[in-house]
Amino acid sequence: MSATSAAVSHDLDSAENLVEVRNLKKYFPVTEGVFIPRVVANVKAVNGVSFNIKKGETLGLVGESGCGKTTIGRCILQLEKSTAGEIFYDGVDLNTLDQKELVPYRQKIQVIFQDPYSSLNPRMKIGDILGEPMRVHNIIADPNKRVERIRELLAVCGLNPRFIDRYPHEMSGGQRQRVGIARALCMNPDFIICDEAVSALDVSIQAQVINLLEDLREEFGLTYLFIAHDLSVVRHLSNRVAVMYLGNMVELADSDEIFNNPMHPYTKALLDAIPIPDPVVEANREHRIVKGEIPSPMNPPSGCVFHPRCDVAIDNCSNEVPEFIEVKPGHWVACPVVS
Amino acid sequence: MSKLLEIENLQTQFYTSAGTVKAVDGVTYDVEGGETVAVVGESGCGKSVTALSIMQLIPWPPGKIIGGEIRFDGQNLLELSEDDMRNVRGRDIAMVFQEPMTSLNPVLSIGLQLMETMQQHMDISDEDARKRAAELLQKCGISEPERRLDQYPHHLSGGMRQRVMIALSLSCNPKLIVADEPTTALDVTIQAQILELMKSLTKEMGVALIVITHNLGVVARYADRVNVMYAGKIIETGTAEQIYHNPRHPYTLGLLASVPRLDQERGTKLIPIEGQPPDLSRLDDGCSFRPRCRFAQDRCAQSFPELTNIEPGHEARCFRSNEIQDLREVS
């Protein structure tokens with residue numbers, strides 16, 4: 001097991017970038033006035049984020065609610081128009097393409113949503129939910145062959161092929177999430193954005209879906225952007241992990257590195273906050289609880305956005321925006337105090 | 001220590017068009033004064049219905065407590081009149097709900113909600129109630145408590161609202177707090193804050209706590225004793241250490257193997273529990289975990305195993321609980 005994962009990470013070193021995000025910004029305007037709306041403020045959901053994802057890699061993106069992790073996913077999917085920055089997919093900047101030019105990318109980039117209850121159309125049968133995108137993108141033109149492929153995909157995702165004639169309400173949450181995965185796979189994607197794909201599931205079902213995602217990654221050579229708030233799940237699935245706070249990326253490193261040697265005070269706080277399911281380990285663990293609440297992204301703190309909650313902050317932290325710098329090969333941190 | 005709460009053979013059922021759902025089917029456990037007891041399980045296992053049964057907040061129709069006893073301080077709560085029960089609720093036993101967004105009244109100020117509860121149960125003047133409300137908010141880590149008293153729930157963040165809920169639950173000096181997934185809706189750093197707060201306050205005030213959760217990490221960090229529920233029954237009970245280090249029911253074993261751990265080496269494959277939880281309206285006489293169990297035998301279909309004693313305080317509801325550790329090694 002460990003031998004294969006080592007081989008994979010070695011391959012990844014030489015692999016080329018599939019996705020490159022450069023200085024991405026997404027502001028949502030806050031307006032006032034009914035007839036003549038004027039912009040009174042901006043919610044800076046994503047405020048200048050850069051990273052890349054290599055072919056075959058899984059990048060984990062973690063952070064608490066409102067940190068902008070979902071917005072990044074939606075910007076890559078072009079469900080949201082970026083305010084500034086570039087998103088290169090296989091060398092092409094998606095932000096510069098028009099709707100027509102985006103069509104092939106909409107097939108190659110797929111998404112699995114969090115809520116298996118609201119992300120499937122309740123009035124469509126499973127077969128239609130999977131068949132329609134295949135028909136639209138002309139992946140399999142022959143309807144009979146399409147049905148065959150749908151049955152095959154359902155089986156791959158651990159579902160009974162007979163589910164093809166069922167409606168979403170006839171299925172449990174775990175089964176629906178498998179349908180969501182099959183729907184992503186039916187487009188023969190290269191890159192899948194998993195947005196909290198296992199968060200709504202019970203632990204025993206969650207483990208089934210995590211294993212399925214791992215198996216599919218190997219079988220189809222997929223690249224994942226795995227967005228989640230649960231660090232233990234992210235660490236389990238990802239090669240590298242990026243931590244976000246209030247629209248900014250604060251740390252990015254190899255999965256083992258970030259958990260064994262976290263540098264940013266926020267990453268440390270996040271790791272400390274997660275209880276380990278073992279009473280003896282917990283009794284001997286130091287619990288430093290980060291103070292305060294997450295500030296509003298409409299009016300973020302000056303300088304480093306984490307400084308009001310940070311216990312190593314110095315005077316300068318409230319004035320200067322920290323640079324995201326590489327302190328060790330592959331380990332990026334946005335904190336001048338610790339680096 | 002004396003037993004504060006004793007639940008014996010509690011049965012709560014829901015009568016629906018799809019049949020009778022045995023949501024809680026013979027649950028027995030107790031809570032001692034000042035201790036923290038966790039009830040763990042996945043959705044639909046009956047853990048929340050057990051909590052609502054203690055508070056007698058089961059909506060009829062469709063739900064009804066059809067059997068068993070809930071003795072609190074020696075008194076069977078199920079025999080109390082609705083008026084007497086209303087005096088117990090909020091005063092002796094308080095509840096903290098999961099959803100801080102919906103469990104506070106949106107049209108009443110924070111101060112009024114706290115004062116109303118206190119004046120319902122205690123002989124206290126407006127002025128004293130307001131003063132005590134501010135103190136409670138302060139204790140629960142809310143800054144500028146005086147100003148917050150006049151604010152409404154929508155002014156506060158989720159974490160803040162849950163702090164208000166905790167202040168509310170502590171307002172009448174209860175002996176027991178029932179917390180139903182108190183931190184599930186919150187972010188991890190806020191979850192840690194709230195749990196630390198509950199732990200320190202219950203310790204300081206000597207309040208017993210029942211925490212209902214699906215998060216095994218939370219249980220490990222905070223609970224003295226643990227009850228694991230599956231399909232309406234407690235299938236294993238013991239101290240946190242017994243449950244985590246010497247699990248004797250295949251379901252507990254499966255739960256522990258299916259969560260990724262931060263202190264585990266990366267690349268270890270998770271071992272999920274295959275299949276789905278059963279439909280609670282269509283249970284047979286046999287063990288309800290049998291269809292998902294790796295160690296099931298013929299006798300598991302015949303009858304539901306009783307809780308068998310493993311060591312003092314540690315019981316499991318499995319025919320093979322004594323050999324389960326060896327079986328795990330083999331498979």
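Predicted model: local features only at pLDDT ≥ 70, side-chain atom pairs only at ≥ 80, totals over all residues.
Biologist: What is omega for the cis peptide bond that joins B:Pro61 and B:Pro62?
Modeller: Most peptide bonds are trans. A cis bond joins B:Trp60 and B:Pro61, with omega of about -15 degrees. The bond that joins B:Pro61 and B:Pro62 is also cis, and its omega is about 10 degrees.

Biologist: Which residue other than glycine has a positive phi, near 50 degrees, and where is it found?
Modeller: Most residues other than glycine have a negative phi. The residue in question is found in strand 1 (residues 3-16) of chain B. Its phi is near 50 degrees, and its name is B:Asn9.

Biologist: How are helix 3 and helix 6 of chain B placed, roughly parallel or oblique to each other?
Modeller: Helix 3 covers residues 110-121 and helix 6 covers residues 158-170, and their axes are 9 Å apart. The two pack at an angle of about 20 degrees. Angles under 35 degrees count as roughly parallel. Helix 3 and helix 6 of chain B are therefore roughly parallel.

Biologist: How many residues in the contact of helix 3 with helix 6 of chain B are nonpolar?
Modeller: The crossing of helix 3 and helix 6 of chain B is right-handed. Helix 3 brings B:Ile110, B:Gln113, B:Leu114 and B:Thr117 to the contact, and helix 6 brings B:Val164, B:Ala167 and B:Leu168. By class, none of these residues is charged, 2 are polar, and the number of nonpolar ones is 5.

Biologist: How do helix 4 and helix 6 of chain B lie, oblique or roughly parallel to each other?
Modeller: The axes of helix 4 (residues 126-139) and helix 6 of chain B come within 9 Å. They cross at roughly 130 degrees, and the crossing is right-handed. Helix 4 and helix 6 of chain B are therefore oblique.

Biologist: Which residues of helix 6 of chain B are met by helix 4 of chain B, and how many residues of this contact are charged?
Modeller: From helix 4 of chain B come B:Arg132, B:Leu136 and B:Leu137, and they meet B:Val164, B:Ala167 and B:Leu170 of helix 6. The contact has 5 nonpolar residues and no polar ones, and the number of charged residues is 1.

Biologist: At what angle do helix 3 and helix 4 of chain B cross?
Modeller: Helix 3 passes helix 4 of chain B in a right-handed crossing. Among the residues that meet are B:Met115 and B:Met118 in helix 3 and B:Ala129 and B:Ala133 in helix 4. By class, this contact has 8 nonpolar, 1 polar and 3 charged residues. The axes come within 9 Å, and the angle is roughly 115 degrees.

Biologist: How much space lies in the largest cavity?
Modeller: Rolling a probe the size of a water molecule over the atoms shows where empty space is left. The structure holds 8 cavities of 30 Å³ or more. The space in the largest cavity is about 80 Å³.

Biologist: Which residues that line the largest cavity are the closest to its centre?
Modeller: The lining of the largest cavity has 10 nonpolar, 1 polar and 3 charged residues. It consists of 14 residues, and the closest to the centre are B:Pro250, B:Cys287, B:Cys293, B:Cys300 and B:Cys318.

Conventions. Residues numbered from 1 in each chain as written. Chains lettered and ligands numbered in written order. Heavy atoms only, no water. Axes fitted to C-alpha atoms, helices over the stretch in contact; angles between N-to-C directions. Helix = DSSP H or I, 4+ residues; strand = E, 2+ residues; numbered from the N terminus. Parallel < 35°, antiparallel > 145°, perpendicular 65-115°, else oblique. Left-handed = near helix turned anticlockwise from the far one by under 90°. Contact = heavy atoms within 4.5 Å. Nonpolar A, V, L, I, M, F, W, Y, C, P; charged D, E, K, R; others polar. 1 Å grid on protein atoms, 1.4 Å probe; cavity = no way out; pocket = protein on both sides within 12 Å on 5 of 7 lines; lining within 4 Å. Points joined across faces, edges and corners; volume = space filled by probe spheres on them.
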